[in-house]
Amino acid sequence: MSARVTETGRGASPAVMNWLRGRLSNIAPFLTLLFLIVFFSIASPSFATLGNVGNILNQISITAIMAVGLTYVILCAEIDLSVASVANATGIVLAYFTLQDSYANIANVPVDGWAAILLALASCFALGAVNAFGVTRIGIPSFIMTLAMLQIGAGICAMLVRGQIAYNVPPLIATLGQKALGPIPYVVIVAAVFLLVGHLVLTYTRFGRYVYMVGGNREAAEYSGVNVKLVLASVMIISAVCSGTAGMVGVAYFGSAQQNEFDSYLLDSISAVVVGGTSLFGGRGGIGNTIVGLLVLGVLNNGLDHINIDSFLKILIRGLILLAALIINIYAQRLRSAQSAPAH
Amino acid sequence: MSARVTETGRGASPAVMNWLRGRLSNIAPFLTLLFLIVFFSIASPSFATLGNVGNILNQISITAIMAVGLTYVILCAEIDLSVASVANATGIVLAYFTLQDSYANIANVPVDGWAAILLALASCFALGAVNAFGVTRIGIPSFIMTLAMLQIGAGICAMLVRGQIAYNVPPLIATLGQKALGPIPYVVIVAAVFLLVGHLVLTYTRFGRYVYMVGGNREAAEYSGVNVKLVLASVMIISAVCSGTAGMVGVAYFGSAQQNEFDSYLLDSISAVVVGGTSLFGGRGGIGNTIVGLLVLGVLNNGLDHINIDSFLKILIRGLILLAALIINIYAQRLRSAQSAPAH
Amino acid sequence: MGVGTEAAPPLLELAGINKSFGGVAALREVDFTLRAGEIHGLVGENGAGKSTLMKIIAGVHADYGGTLRIDGQPLRFRSARDALRAGIGMVHQELSIVPDLTVAENVFLGSQPITRFGVVDWRRMNARAAELLRDLGIDVDPRVPIGSLPIGLQQLIEIARVLFSGARIIILDEPTSALSPPEIERLFGLLRGLRASGRSMIFISHFLDDILNVSDTVTIFRNGRKIVTAAASDASKGWVIENMIGKGHEDLEESYTSDMMLDSKPDAAVVLETSGLRHGRAFRDVSLRVRAGEVLGIYGFMGSGQLELARALFGKLRPDGGTLTIGGRQVTLNGTAAAKRAGVAFVPESRRSMLFSHEPIYKNMSISILDRLHPVLLRPAAERSLAERHVVSLGIRPPRVDQALGTLSGGNQQKVGLAKWLTYLPKVLVLSEPTRGMDVGAKEDVVKIVRSLREQGVGIVVVSSEPETVLSLSDRILVMRKGEIAREFASETVSKDRLLDAA
Amino acid sequence: ADMVKETMRSEKPLKAAFSNAGLQATWCAQGKRAAEWWGKLLNVEITWFDGELSATKQRAAIDNMASQKWDFVAIQAFGIGTLTAPVGKMIDAGVPVLDMDTLIAPLEQINVHSFLAPDNEFMGASVTQALLDAIGGAGTIIMTQGALGHTGAQGRARGFESVVKKFPKVEVLDTTPADWDVTKAVRIWETHLTKFPKIDAAFFHNDDMALAAWNVMKARGRTDIKIGGVDAMPPALQAVTEGRMHATVRNPSCRIHGGAVLAGVAAVLNGEKSGQGIPKHIITDGPVVTKENAPGMQWMQDHYLI
Ligand SMILES: Nc1ncnc2c1ncn2[C@@H]1O[C@H](COP(=O)(O)OP(=O)(O)OP(=O)(O)O)[C@@H](O)[C@H]1O
Ligand SMILES: Nc1ncnc2c1ncn2[C@@H]1O[C@H](COP(=O)(O)OP(=O)(O)OP(=O)(O)O)[C@@H](O)[C@H]1O
Ligand SMILES: [Mg+2]
Ligand SMILES: [Mg+2]
């Protein structure tokens with residue numbers, strides 16, 4: 001054992017390297033982001049304007065709220081494919097319990113604004129609880145459980161609005177979705193609050209540490225006396241509640257609640273989390289990564305709207321850039337983990 | 001060692017029990033299937049007719065071809081989210097190289113039927129190879145790699161048909177998609193051949209056993225001299241080629257090639273594989289399971305069209321039945337592995 | 001020490017092997033020679049580089065410095081496949097079977113027999129597997145999934161796979177850790193038989209008696225270097241230990257004393273009591289009692305149910321029946337968190353399932369006490385200072401609490417796994433195979449820690465299939481056989497032989 | 001021409017099967033209600049096969065439809081050309097098949113009883129005309145398209161361009177598609193409003209996208225933009241009445257679905273023949289809706305007349 005002392009005594013400079021390498025997997029998506037920003041700024045004069053920065057923030061806000069919960073789930077090495085569906089269902093529940101104009105033609109049950117919000121929150125909580133129950137109690141892999149929930153959420157949407165579109169939401173939510181506090185839209189503020197709280201909880205609370213530990217090595221967490229099932233159940237519910245909030249604010253932001261409205265948010269939110277560098281295998285990453293990922297996708301989507309290329313080509317180009325970003329991430333991570341691979 | 005002998009000497013009846021339990025995880029989806037068949041037969045007179053059996057077979061054929069490749073991928077504990085997208089792209093490539101009527105309004109490059117088929121096969125092979133390269137060489141998790149490929153495939157579709165619809169495919173493919181051999185449509189025959197070959201390869205070739213080994217214990221496979229990367233690359237390509245074939249036969253079957261035509265097949269094919277009882281964690285399941293899964297989903301989708309329930313409720317009911325089937329699977333698997341779990 | 005020189009080139013010859021992982025050297029200038037028809041024992045501390053060298057030979061690590069020759073021919077394997085083709089087979093330290101495949105397929109893993117038509121010949125495979133296993137004294141249905149068998153059997157089947165693969169060079173990296181003594185004897189017989197047929201074997205074990213018993217030649221590793229190679233007949237155990245750890249071995253002798261007086265403590269409070277505890281087929285009718293400041297050893301061969309029992313005491317397995325009383329209160333543990341709350345601590349046998357290798361040392365140590373530091377928030381400063389205390393008192397090297405745990409040696413990792421329970425002493429500490437795969441130095445450290453905890457009044461349960469471990473730690477010993485308590489040793493002298501007899 | 005024999009309420013209930021692209025869409029859901037209302041009136045029992053906005057799902061549904069017996073059938077295809085085989089089977093079996101709104105397949109390929117559809121080009125042109133009139137024939141305009149693969153979107157775009165061509169002083173700033181997706185419409189319009197300081201008019205391929213974009217305009221105080229849409233569903237009528245939208249054009253869901261019921265009953269009871277009693281192609285255009293005629297349009301929709 002004494003032999004080890006000398007071996008590790010000269011570890012100072014590797015430590016610095018380690019730190020840099022550790023940063024690398026965070027720096028990689030950041031570089032992608034910088035590259036995209038520079039590229040679009042050169043390619044379009046309207047891209048790098050203050051107004052457009054506001055646009056990008058606006059545009060990623062709903063995804064951001066969803067991605068906060070999803071980050072927790074993915075940090076635990078699980079997945080939630082039902083985020084968009086739960087968001088949609090919650091938004092529709094909210095509208096269902098709000099008085100709609102007669103032209104909306106929905107046989108709904110209007111209640112007080114506060115009650116509607118609570119009912120909507122309760123529904124997303126309940127859907128999350130079903131996910132949590134399925135994953136932790138019954139033992140259905142989260143991929144499958146949330147795949148089923150995706151369809152159930154769509155079913156709830158269909159049942160409630162029956163092909164119609166609802167336009168009204170309670171005033172509080174309408175304010176959050178459509179108004180601004182000075183120059184800053186509330187929806188951006190809500191997203192920022194979610195990201196901030198999400199980050200603080202992950203970094204400064206016991207629960208946050210457990211999330212990383214459960215994702216890093218579930219068995220070890222269990223043998224350390226961590227209530228792994230409770231943590232997993234919590235993240236599934238957190239994810240659903242974040243999605244539900246995104247759905248509520250979203251229907252206000254988009255001005256309507258209808259079936260399939262949020263479909264594209266599933267790929268967007270998963271992409272944001274993984275492009276940011278949070279590992280699908282759990283234990284590594286965080287809200288910081290997710291923010292970078294959100295910005296990469298937000299800038300990409302927005303930037304492509306600013307430059308004049310064939311609409312049909314845009315889809316392909318977006319796919320290719322996404323792939324490139326992922327490859328860069330992987331190489332950065334490779335460089336990093338070359339060092340810190342666990343011994344066998 | 002002598003202790004062991006006696007221990008296993010009284011193993012006769014446990015062996016039988018084990019065998020039964022082993023079957024159980026296959027029997028569970030089968031029971032779900034039986035239940036659905038009985039239920040729909042009672043609920044609707046038009047369900048249990050010969051014509052409708054034909055319908056069901058027809059309807060699951062395209063999914064089946066895709067699901068064969070996906071079964072290989074999932075047996076290796078990987079996932080392919082690009083199946084539907086690759087199918088769509090391949091179908092569109094096929095149409096792109098076929099002479100279209102002038103009303104189709106596509107600036108395409110018609111070549112000989114055989115050449116078009118080969119080009120289409122080459123494209124799906126190439127897309128699969130990109131997946132394979134990303135997963136095995138670059139080390140991108142298959143979930144993310146194929147998520148990017150999903151978008152790239154959609155991009156290719158958009159680029160080639162530019163929002164138009166192509167109707168013509170080479171005669172051979174048209175025959176496979178639209179004609180019948182006596183009473184049996186060729187598309188059902190193609191699906192049956194794919195399923196059969198898929199099953200035989202899995203069961204009776206070394207490659208097939210390697211697939212199980214790689215999914216069951218990747219490290220052990222590697223140590224016993226299996227070229228794990230080659231196996232993984234192969235299954236990604238097999239999946240893409242199956243998807244491509246499904247896409248080609250599919251455009252003929254549906255009579256047209258257009259963007260987003262196959263979108264719903266992604267969830268359908270994944271659901272079929274997992275509902276059949278093949279484990280997402282690899283190494284467990286097979287084509288037999290996939291067939292049962294295909295039938296469960298096929299009967300469910302078809303049966304719901306035969307009974308008179310509110311259209312808007314159908315989506316929810318389908319989701320709930322899917323969830324129920326998954327729960328039953330899990331409990332069956334639980335019962336099985338309660339006994340056979342390796343000691344720690 | 002006489003290594004004979006012969007005219008013909010040796011079967012396997014490694015010269016100047018260097019290997020590092022991300023800048024940390026695992027092997028430095030290692031020379032190694034294996035002759036045809038010899039059993040070559042390999043010993044060394046944890047992390048000395050034994051497995052790494054073997055993985056180079058077996059083609060798992062392809063990037064290394066130095067040369068490898070077989071029959072004088074320089075070769076470089078790029079994969080396990082290359083090595084297998086060159087006639088090198090290896091039983092890895094970690095069990096590598098495919099649990100869902102059948103016994104027969106696991107015997108022929110990767111080289112399933114095929115018919116003329118290139119199709120897997122299931123019938124021949126099953127027949128051959130049954131036959132080969134029967135030669136090894138294993139009588140199982142080759143068609144059952146291997147995962148459904150006891151772990152010792154799985155290990156034997158894996159060994160059988162390599163032995164029967166026709167390899168000329170067979171590497172066995174700690175193959176006996178999951179085997180019972182009779183199984184080990186049987187295995188040695190087989191190895192000797194294979195040697196007689198001209199095959200060569202490299203055998204790694206931390207059981208020096210076994211090494212000296214079965215090998216012709218012994219090579220000792222320390223800290224990535226080969227220290228010495230000698231004929232086994234010339235080597236004594238003391239001499240081996242001295243070379244392994246690079247210092248005098250007097251202070252280590254104690255743990256190798258096989259006999260010790262067992263005395264129970266009749267007046268201390270009972271901290272753990274079970275009555276009629278049972279779980280499935282793993283164990284049944286287990287009634288035991290542990291007093292504060294007492295170490296109860298539970299000995300049994302692999303698969304005797306003692307590991308499952310340990311898990312049940314920590315709420316990881318839910319017993320089907322019986323009662324569990326902790327600190328005088330009868331409890332039902334529905335999870336490890338509940339067990340922790342009730343005052344039970346647990347250290348599992350596998351490092352992999354105990355530690356977070358990407359996380360720094362201090363987070364590994366504090367994971368179990370976060371709730372005591374603050375109900376909601378984290379207290380990183382407190383975590384660090386606690387960790388620093390443990391690092392010093394346990395002699396963990398390097399003593400830097402921010403270093404990722406995965407970069408520590410196995411023994412040090414194991415100490416970290418223990419340390420997480422030492423801040424707030426539990427009522428009951430359950431140790432499952434606390435010294436498995438540990439070198440003698442690290443074992444001694446564990447013994448010291450356990451003794452000091454006992455002094456502080458913790459009731460300790462040590463579950464192990466290594467007689468030395470149980471004997472060196474316990475005040476009282478229960479022997480389990482096939483899931484039942486077969487025998488209790490208290491207040492008497494126990495030798496290894498008596499222990500084995502009872503099991 | 002002779003007066004066609006009056007279509008009667010059927011004595012025994014007729015069995016009809018309807019399918020449309022996806023009941024998620026308000027337009028389709030309204031059509032379903034209209035068909036059911038007309039069906040009740042004429043003693044037709046309607047079974048619905050939802051396409052769920054998926055070509056493959058609708059195909060499966062139509063396969064199932066084709067294996068059952070119907071007096072007549074009416075279909076709005078989601079994916080053109082994807083239903084040819086089962087529809088052909090029903091036609092061959094002598095079932096009158098009415099094609100609603102979207103081609104089931106190019107008319108060369110399939111012989112439906114009649115095709116009841118609006119002229120998308122006309123709809124696009126007439127709303128564009130109304131918008132350009134409102135801005136005095138000069139200024140800037142943006143078109144937000146539906147999914148480019150959709151024939152309706154293609155027709156509406158053609159109509160838009162045909163009118164814009166005639167106004168040299170009108171500049172088209174952008175035509176990015178939003179794929180009928182309101183979330184995309186919002187995103188694109190946020191960019192538009194940043195990029196273009198002066199936008200006089202905007203033509204959307206449907207009202208839903210228009211109403212979503214209007215939210216963005218309101219939030220940025222750019223409500224001076226004249227908005228035009230297509231469909232004239234009740235929410236859009238309300239928006240036109242309130243002045244949020246300048247104009248929309250009615251795509252008469254009730255007329256098309258109700259017409260399909262009528263045509264089906266006529267074919268069964270009166271033996272009306274395709275191309276003789278009923279034309280192969282009925283253009284069902286609705287009017288442009290502005291403030292003046294919006295309330296009337298609402299009343300007619302309430303009674304499933306247009
Ligand atoms: N894959 C790997 N990545 C990084 N480091 C490794 C890896 N494999 C081994 N090492 C390191 O190489 C050194 C030698 O390890 P090795 O496993 O060969 O030791 P060993 O002698 O087999 O020890 P033990 O007796 O505990 O099995 C150790 O420092 C170990 O941590
Ligand atoms: N990823 C790594 N990076 C740097 N050094 C490492 C790494 N992993 C292990 N080491 C070094 O490995 C040595 C410890 O040996 P090791 O961890 O291999 O024991 P072990 O082989 O795992 O034990 P066993 O295999 O018997 O369980 C230490 O010197 C440590 O510095
Ligand atoms: Mg090792
Ligand atoms: Mg080792």
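# A chat about four chains

User: Leaving aside its neighbours within four places in sequence, which residues is D:Ser126 in contact with?
Analyst: There are two, D:Val249 and D:Val288, once neighbours within four places in sequence are set aside. Keep in mind as we go that this is a predicted model.

User: Where is D:Ser126 found?
Analyst: Look in helix H4 of chain D, which covers residues 120-134.

User: And is D:Ser126 buried or exposed?
Analyst: D:Ser126 is buried: its relative accessible area is 13%, and the cut-off for buried is under 20%.

User: Let's move on to the chains. Which pair of chains has the most contacts?
Analyst: That would be chains A and B, out of the 5 pairs of chains that touch.

User: How far apart are the closest C-alpha atoms of chain C and chain D?
Analyst: They lie 36 Å apart, and no contact joins chain C and chain D.

User: Back to A and B, then. What rotation superposes chain B on chain A?
Analyst: A rotation of 180° does it, with 0.0 Å of shift along the axis, and the RMSD is 0.2 Å. The two copies are therefore related as by a two-fold rotation axis.

User: Which C-alpha of chain B is nearest the axis?
Analyst: The one of B:Phe143, which is 5.5 Å from the axis.

User: What surface do the copies meet through?
Analyst: They meet through the same surface, because 98% of the interface residues of chain B are also interface residues in chain A.

User: What about helices from two chains? At what angle do helix H3 of chain A and helix H6 of chain D pack?
Analyst: The angle is about 170°, and their axes are 9 Å apart; the helices cover residues 50-75 in chain A and residues 182-195 in chain D. That angle makes H3(A) roughly antiparallel to H6(D).

User: Which residues make the contact?
Analyst: H3(A) brings A:Gly51, A:Asn52, A:Asn55, A:Asn58 and A:Gln59, while H6(D) brings D:Arg187, D:Glu190, D:Thr191 and D:Thr194.

User: Now a pair inside chain B. How do helix H9 and H11(B) pack?
Analyst: Helix H9 of chain B (residues 206-216) and H11(B) pack at an angle of about 105°, and 10 Å separates their axes. H9(B) is thus roughly perpendicular to H11(B). The residues that meet include B:Phe207 and B:Tyr210 in H9(B), and B:Val228 and B:Ile238 in H11(B).

User: Which residues are buried in helix H7 of chain B?
Analyst: In that helix, residues 171-178, the buried ones are B:Ile173, B:Ala174 and B:Gly177. They sit on the same side of H7(B), because they cover an arc of only 105° around the axis.

User: Why would residues three or four places apart point the same way?
Analyst: An α-helix has 3.6 residues a turn, so residues at that spacing point the same way.

User: What covers the buried residues of H7(B)?
Analyst: The cover includes four helices of chain B: H4 (83-96), H5 (113-138), H8 (186-204) and H11 (228-254).

User: How far is ligand 4 from the magnesium ion that is ligand 3?
Analyst: The two ions are 3.1 Å apart.

User: Last one: what does C:Thr336 touch?
Analyst: Not counting residues up to four places away in sequence, C:Thr336 touches A:Glu222, A:Gly225 and A:Val226 of chain A, along with C:Phe314, C:Gly315 and C:Lys316. C:Thr336 lies in helix H10 of chain C, residues 336-342, and counts as buried at 2% relative accessibility.

Conventions:
Residues are numbered from 1 along each chain as its sequence is written. Chains are lettered from A and ligands numbered from 1 in the order in which they are written. This is a predicted model: local features need pLDDT of at least 70, side-chain atom pairs count only at pLDDT 80 or more; totals for chains, interfaces and linings use all residues. Side-chain values use heavy atoms; hydrogens and water are left out. Buried means under 20% relative accessible area, exposed over 50%, partly exposed in between (1.4 Å probe, protein chains only). The arc is that of the directions from the helix axis to the C-beta atoms. Contact means heavy atoms within 4.5 Å. Donors are N, O and S atoms within 2.8 Å of the metal (3.2 Å for Na, K and Ca); water is not among the atoms, so sites may look incomplete. Copies are superposed by least squares on the C-alpha atoms of residues with pLDDT of at least 70 in both. Axes are lines fitted to C-alpha atoms, for helices over the stretch in contact, and angles run from 0 to 180 degrees between N-to-C directions. Angles under 35 degrees count as roughly parallel, over 145 as roughly antiparallel, 65 to 115 as roughly perpendicular and the rest as oblique.
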